[in-house]
Amino acid sequence: MKVAVLGSGNGACAIAFEWAQAGHDVSMFDFEQFPTTIATVAAKGGISADGELEGFQPLTYAGHDITQVVPGADLVFAVGPAYSTAPFAEVCAPHMSPGQVYVVCPSSCAGAIVFKQALGLPLADASVIVAETSTLPYAVRLTGEAHITVYNRLKGGYFVAALPASETTAVYDLLRTVHAEIAPAENVLATTLQNANPVIHPAVTLCNAALIERTGGDFLFYEEGVTEAVGRVIKAVDDERLAIGEALGVRVIRDPELGIAQGYQAENNYSTGYSEAPGFKGIKAQPKLDYRYLNEDAGFGLVFLTDLARSIGVPTPNMDAVLRMSSIVMGRDYEAERARTMTTLGLADLSIDELRAL
């Protein structure tokens, strides 16, 4: 099978490596403003790995020419932060063909909806399937030139849904040939809600803002950054995420429970469950506040979750507080920027039943 991977960050390299390892013909694309990793992958002819994935896997192509990657691809992964989703779709649009499957990995926040709209397709169109995963299937970092270290390959707690949901089984059957631990979700709102990054990252970042600025992130984000008090902030936000899921009629797993299923955590609580988690050991804090933990997880994730909650009548005072404080410390107004809302996604006029039917 011909597999295309859009992006050249940690997760994209891991996806490309493992699908090549499974025997597929894998090509990789990224935009010209991100030249470094894609150039080293091209120079070495592939990607090497250690940790829970090992060895070297050659790739068919790695570069900036989308015509070498998407045309004729059976499966296309878009792997990047929330702000990359629409640009990836836009560059693919002239080259898409019926029967292709596109997977936004991870969703980051309604990623499948954004991608399908940027392709210029109605959400219910099944000629080209667009799906999303709840998270990346790895804890992974680039640790050398075209080399990744995989600290944790998820053991479970990894979900996929397609748009429309009637196509989820087909995408699930495709992905589980490489990711046997994956499970189908009810719809793309379930996969979006199951992503816990907006729950964890802004809370820990805000509670450690002075330390990040003072040290440039020279401390361990989870082991030293999460205490009982910080855990209470995470839980307060997580409780509201679960309430949104309940109102929509989709199951959302509480984050420490999910972390245990994924292989990150060993304790089902919001303090030592993170600070003593085997899968989070050694992870440094971000070098500055101007980083995706606020710009993406608050500016996209919490903006969307709070707007979704308002549209279905679920109060989210704790999410609202974390979002407001995120804006204050960054000197910008994430809510006013409206990076991702019910209106921008074309969902503002849908009833709860219509949202469930996506």
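Colleague: Is Phe115 buried or exposed?

Modeller: This is a predicted model, in which local features need pLDDT of at least 70 and side-chain atom pairs count only at pLDDT 80 or more, while totals for chains, interfaces and linings use all residues. Residues are numbered from 1 along each chain as its sequence is written, and side-chain values use heavy atoms, with hydrogens and water left out. Phe115 has a relative accessible area of 0% and is therefore buried (buried means under 20% relative accessible area, exposed over 50%, partly exposed in between, with a 1.4 Å probe and protein chains only).

Colleague: How is a pair of aromatic rings described?

Modeller: One gives the distance of the centres and the angle of the planes. Rings of Phe, Tyr and Trp (its six-membered ring) pair if their centres lie within 6.5 Å; planes under 30 degrees apart are stacked, over 60 edge-to-face, and the rest tilted. The count by this rule is eleven aromatic pairs. One of them joins Phe29 and Phe31, edge-to-face, at 5.2 Å centre to centre with 80° between the planes; both residues are buried. For Tyr102 and Phe115 the centres are 5.4 Å apart and the planes at 40°, so this pair is tilted.

Colleague: Which parts does the pair of Tyr102 and Phe115 tie together?

Modeller: Tyr102 belongs to strand β7 (residues 101–104) and Phe115 to helix α4 (residues 111–119), so the pair ties together parts 13 residues apart in sequence. Helices (H or I, at least four residues) and strands (E, at least two) are DSSP runs, numbered from the N terminus. Tyr102 is buried as well, its relative accessible area being 1%.

Colleague: How are two packed helices described?

Modeller: By the angle between their axes and the distance between the axes. Helix α7 (residues 197–207) and helix α13 (residues 297–312) pack at about 130°, with axes 9 Å apart. Axes are lines fitted to C-alpha atoms, for helices over the stretch in contact, and angles run from 0 to 180 degrees between N-to-C directions. The two helices are therefore oblique to each other (under 35 degrees is roughly parallel, over 145 roughly antiparallel, 65 to 115 roughly perpendicular, the rest oblique).

Colleague: Which residues of α7 and α13 meet?

Modeller: Asn197, Pro198, His201 and Pro202 of α7 meet Asp297, Ala298, Gly301, Leu302 and Leu305 of α13, where contact means heavy atoms within 4.5 Å.
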